[in-house]
Every structure is written in structure tokens, then in C-alpha cells.
Amino acid sequence: MISEKETTSLSKFLSLVLRHQPEAINIKLDEQGWVAVDELLLKAAAHGKAITLEILNHIVETNAKKRFAFDDARQKIRASQGHSVEVELGYEAQIPPDVLYHGTGSQSIEAILQTGLEKRSRQHVHLSNDLETAVKVGQRHGKPVVLTVAAGEMHRLGHKFYLSENKVWLTDFVPIDFIGKYSS
């Protein structure tokens, strides 16, 4: 099989082409973000990425964040969430837990507390069900800060929440009034 370093590198490549820049290898995602596995492998190879079906299966199965999913027939693949390209993932609105968490870097707190949590270039704001995940996400952005989101209250007031295949909670926007700062 391939090394952990190679797996990470190929996973980042797949995130790029399945979430943000499919045109980088001349693939076209369908309206739900799917692309044929055969096409992905062929186009990746044409751009110097030697990914076999066995390697692709390994990446999908071992990715700790479950970023990628196959369709039921395992003929298509897509990113589970986090797209900056327009796709309709087909998730149904769900009732969220009363509190969800958002991890960010300390340098972003001032802006968030002025404008709320915005999706920016992504399709949704990403929230986690647990503190540990939020801390890990925050660490990717510098000194981590975890915000609480009163998701249950938001839902009761008409805000929609979706749960991705990899258990990330998604919403369009979190107004300031529903944001708190976690303290242990």
C-alpha cells in the first residue's frame, strides 16, 4: 500500500479537485458533486497523480474525517461537504442538538463577533457535535478558540441545519446572538 505521507498528499489533492477546483484536472462534477470514479482516475493520471482504484478505496476508507464518499454502486465519488463550487448535496434538514461547536483561530474572533459565522467561500458554515473536533479545527487556524452555537434555539426560530455524511453539521449563517465562547 502507500505511505501515510502519500495518503495525506493524495487526500489533499482529492479535496482540491472534488471540493474546490475540478477544472484543475478537467473533470466536471454533476449537480450533486459526483464524478465517475473511472474519469477521476484517468484525469488524475493525465495530471501526474498515479491513483489506482485500490489507493482510492484506501483513502476513502481510512480518511479520519470521512471527507469522501462513494455512491451505493461505488461507481461515483464526491466530497462529503466543504465545497466552494456550487453543488446540491441533497441533505435533508435535521433537528440539531441544542449546542454545537465551531473551532476557529484567535485572530478571527473579533470579526466573527461583529458579523456572525459566515460561510464565506464555502456553501455552509461547518459546526461540530463535540468539543474535541472543534479544537482540532481551530488548531488549523492558529491558536484555537471554540465558539458555542445555540443550534437548538436557532432551529426553533426557523434556521435550517443539515448533517453531512461525515457527521459535520451545516447551516447557512450563525447570527451573533446565537454565538458564545466556550470556556472550560
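The structure is a predicted model, in which local features need pLDDT of at least 70, side-chain atom pairs count only at pLDDT 80 or more, and totals for chains, interfaces and linings use all residues. Residues are numbered from 1 along each chain as its sequence is written, and side-chain values use heavy atoms, with hydrogens and water left out.

**A loop residue: Ile-27**

- Ile-27 sits in the loop between helix H1 (4-20) and strand E1 (35-36); helices (H or I, at least four residues) and strands (E, at least two) are DSSP runs, numbered from the N terminus.
- Its relative accessibility is 6%, so Ile-27 counts as buried (buried means under 20% relative accessible area, exposed over 50%, partly exposed in between, with a 1.4 Å probe and protein chains only).
- Leaving aside residues up to four places away in sequence, Ile-27 touches Val-17, Leu-18, Pro-22, Val-35, Glu-39, Leu-40 and Lys-43; contact means heavy atoms within 4.5 Å.
- Leu-40 is 13 residues from Ile-27 in sequence, and their C-alpha atoms are 7.0 Å apart.

**Helix H2 and its two sides**

- Leu-40 also belongs to helix H2 (residues 37-46), where Val-37, Leu-40, Leu-41 and Ala-44 are buried.
- Seen down the axis of H2, these buried residues fall within an arc of 95°, so they line one face of the helix (the arc is that of the directions from the helix axis to the C-beta atoms).
- On the other side of H2, you will find Asp-38, Leu-42 and Ala-46 exposed.
- The packing partners of the buried H2 residues are H1, E1, H3, strand E2 (68-70) and strand E3 (76-79).
- After H2 comes Gly-48, with a positive phi near 80°.

**Where H1 meets H3**

- H1 and helix H3 (residues 53-62) pack at an angle of about 85°, with their axes 10 Å apart; axes are lines fitted to C-alpha atoms, for helices over the stretch in contact, and angles run from 0 to 180 degrees between N-to-C directions.
- H1 contributes Thr-7, Leu-10, Ser-11 and Leu-14 to the contact, while H3 contributes Ile-55, Leu-56, His-58, Ile-59 and Thr-62.

**Strand E5, covered on both faces**

- In strand E5 (residues 100-105), six of its six residues are buried.
- One side carries Leu-100, His-102 and Thr-104, and the other carries Tyr-101, Gly-103 and Gly-105.
- E5 runs antiparallel to strand E8 (residues 144-149), and six bridges join them; two strands pair if DSSP finds at least two bridges between them.
- Leu-100 has Val-149 as its bridge partner in E8.
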